[in-house]
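Welcome, and thanks for taking a look at this one. Please keep the sequence and the coordinates open side by side as you read.

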Amino acid sequence: MPIQNYIWLSIALFCIGVTGVLIRRNAIIVFMCIELMLNAVNLLLVSLSKYHHDASAQIFVFFIMAVAAAEVSVGLAIIVMVYRHTKSVDVNILNRLKN
Amino acid sequence: MSLPVILFWILAVISILSAIGVVMAKNPVHSVLLLIVTFFTIAGLYILLNAQFLAVVHIIVYAGAIMVLFLFVIMLMNLNASGEPQKNNLVKFAGVISGGILLIVLVAVLKQANTGMLAEGSDHIGLIQNLGQALFKDFVLPFEVSSILFLSAMIGAIVIGKRE
């Protein structure tokens, strides 16, 4: 199978994630679209790891997963705090962070 | 067509459709469930690419930990019933056009890339023995730094989430 197939699939998933970040206002959905973009990059790294017979890319994917888990825990804590203060998770409300 | 190629196309179509569903779904809970479907198809693609260890870690970390966290937050906020405020149609249209233009640019750049075929059959790169050797010989320092990152993320989540 040509590696191009995996490249097209990764590009498609990444662009769907970018579009989701641009068109949705719910902060949680925006967060999930960021996860989608991270996974598209992970898929590309794994396919290139097989292509070059090199294990380093899979280690990078491992670290990306670790950083994504840390990012999600802190980000969701921030979203919960925003919801407690504003009773909403609309990202347009966050343009006035004071008060 | 051989079996891996057929499996690749099935998984690719499911993952793209469910990814579009994540963006389009009105109910946030449906978005989370469709994202879990996407993650399972990506784990299947990892197995097709002989990255068995990463496939298992992917399912444990994403479907087991991260998406459960998302579901808990959505249910705590009681968002599943309410309609979310929508962006106006002009902004949505501009967002879709921007994403499509990014897609076209990336495809146009990578169309002429000089790439080859993936090797058929299995290799041992993705097995836990090889990855452990690489992780603890070449990448020891990043591994330890990531443990500090986890500690700081844990403390940060507790400090942020604390009621003052």
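Here is a short briefing on the complex, starting with confidence and ending with a single residue.

This is a predicted model. The predictor assigns the complex an ipTM of 0.91 and a pTM of 0.91. In the interface between the chains, 58 residues of chain A are in contact with 68 residues of chain B.

**Confidence**

- The average pLDDT of chain B is 88, and 94% of its residues score at least 70.

**Chain A on its own**

- Chain A holds three helices and zero strands, so read from the N terminus its elements follow the order α-α-α.
- The C-alpha trace of chain A covers about 55 × 25 × 15 Å along its principal axes.
- Chain A has a radius of gyration of 17 Å, whereas a compact globule of 99 residues would have one near 13 Å.
- Of the 99 residues in chain A, 49% are buried.
- If you take the contacts in chain A between residues at least 6 apart in sequence, 45% of them join residues at least 24 apart.

**The side of chain A that touches chain B**

- By residue type, the side of chain A that touches chain B divides into 41 nonpolar, twelve polar and five charged residues.

**Helix pair one: α2(A) with α3(B)**

- Helix α2(A) packs with helix α3 (residues 52-77) of chain B at an angle of about 175 degrees, and their axes are 12 Å apart.
- Because angles over 145 degrees count as roughly antiparallel, α2(A) is roughly antiparallel to α3(B).
- From α2(A), the contact is made by A:I28, A:M32, A:E35 and A:V46, and from α3(B) by B:L54, B:I66, B:F70, B:V73 and B:I74.
- The residues of this contact of α2(A) with α3(B) divide into eight nonpolar, no polar and one charged.

**Helix pair two: α1(A) with α1(B)**

- Helix α1(A) and helix α1 (residues 3-24) of chain B pack with their axes 9 Å apart, at an angle of about 5 degrees.
- Angles under 35 degrees count as roughly parallel, and α1(A) and α1(B) are therefore roughly parallel to each other.
- On the α1(A) side, the residues that meet α1(B) are A:N5, A:L9, A:A12, A:L13, A:I16, A:T19 and A:G20.
- On the α1(B) side, their partners are B:F8, B:A12, B:S15, B:I16, B:A19, B:I20, B:V22 and B:V23.
- The residues of the contact of α1(A) with α1(B) divide into eleven nonpolar, four polar and no charged.

- You will find A:M37 in helix α2 of chain A.
- Is A:M37 buried or partly exposed? A:M37 has 18 other C-beta atoms within 10 Å, and since a buried residue needs 20 or more and an exposed one has 12 or fewer, A:M37 is partly exposed.
- Setting aside neighbours within four places in sequence, A:M37 is in contact with A:F14, A:G17 and A:V18.
- A:M37 and A:V21 are 16 residues apart in sequence, and their C-alpha atoms are 9.9 Å apart in space.

Technical notes
Residues are numbered from 1 along each chain as its sequence is written. Chains are lettered from A and ligands numbered from 1 in the order in which they are written. This is a predicted model: local features need pLDDT of at least 70, side-chain atom pairs count only at pLDDT 80 or more; totals for chains, interfaces and linings use all residues. Two residues are in contact if their C-beta atoms, placed from the backbone, lie within 7 Å. Ala, Val, Leu, Ile, Met, Phe, Trp, Tyr, Cys and Pro count as nonpolar, Asp, Glu, Lys and Arg as charged, and the others, Gly among them, as polar. pLDDT is the predictor's confidence in each residue, from 0 to 100. Axes are lines fitted to C-alpha atoms, for helices over the stretch in contact, and angles run from 0 to 180 degrees between N-to-C directions. Helices (H or I, at least four residues) and strands (E, at least two) are DSSP runs, numbered from the N terminus. Angles under 35 degrees count as roughly parallel, over 145 as roughly antiparallel, 65 to 115 as roughly perpendicular and the rest as oblique. The radius of gyration is taken over C-alpha atoms; the globule rule is 2.2 Å times the number of residues to the power 0.38.
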